[in-house]
Amino acid sequence: MVPLLITMDLETARDHNIEEQNAILKTINSDFCKLNLPLTIFLTSDSLDRFNEGIQKLNTPTNEFGIHGFDHSINENYSLLGEEEIRKNIEHVFNNIRNRLNRIPETFRGPYMSTSSLTQKVLIEKISDLIFQYVRREWIL
Ligand SMILES: [Zn+2]
């Protein structure tokens with residue numbers, strides 16, 4: 001079998017019909033289930049709030065979820081943000097995914113593919129914190 005990695009960025013297109021975006025999500029879910037293909041979905045926090053029903057259907061053990069920022073606004077460029085804003089955004093999306101999907105995000109892709117050494121530092125600290133919680137049996141989903 002040839003390994004296949006398909007990823008999708010999910011953010012709200014405010015200039016398009018929201019219901020059509022919901023319908024597209026359902027079609028993607030249906031098609032990927034029929035093809036038995038795993039999907040990695042990078043979510044913005046606001047898309048998770050807006051498309052919760054469709055995203056819940058994508059919440060299967062074969063699919064992965066990643067952080068794609070708070071709301072993908074023009075100002076959410078991780079190569080320009082300061083450490084505190086990066087930490088606040090990542091923490092917010094992480095908690096939203098954990099609370100709504102009862103799992104933790106597996107990966108990160110910044111809006112506009114943006115990242116920085118500060119972003120990588122914050123992500124490494126987050127992973128270290130999770131490992132520490134797991135080792136101390138404080139892991140709470
Ligand atoms: Zn994007």
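At what angle do helix α4 and helix α5 pack, and how far apart are their axes? In this predicted model, where local features need pLDDT of at least 70, side-chain atom pairs count only at pLDDT 80 or more, while totals for chains, interfaces and linings use all residues. Residues are numbered from 1 along each chain as its sequence is written.

Helix α4 (residues 83–101) and helix α5 (residues 117–135) meet at about 45°, and their axes sit 9 Å apart. Helices here are DSSP runs of H or I with at least four residues, strands are runs of E with at least two, and both are numbered from the N terminus. Axes are lines fitted to C-alpha atoms, for helices over the stretch in contact, with angles from 0 to 180 degrees between N-to-C directions. The α4 and α5 pair is therefore oblique, given that under 35 degrees counts as roughly parallel, over 145 as roughly antiparallel, 65 to 115 as roughly perpendicular and the rest as oblique. The crossing of α4 past α5 is right-handed (the near helix is turned clockwise from the far one by less than a right angle). On the α4 side, the contact uses E83, I86, R87, I90 and F94, and α5 brings L118, T119, V122, L123 and K126; contact means C-beta atoms, placed from the backbone, within 7 Å.

Now for the sheet. The 4 strands form an open sheet in the order β1-β2-β3-β4, paired in parallel, where pairing takes at least two DSSP bridges between two strands. β1 and β4 (107–108) are the edge strands, each pairing on one side only. Strand β1 (residues 7–10) joins strand β2 (residues 40–43) over 4 bridges, with M8 opposite I41 and D9 partnered with F42.

Key:
Contact = placed C-beta atoms within 7 Å.
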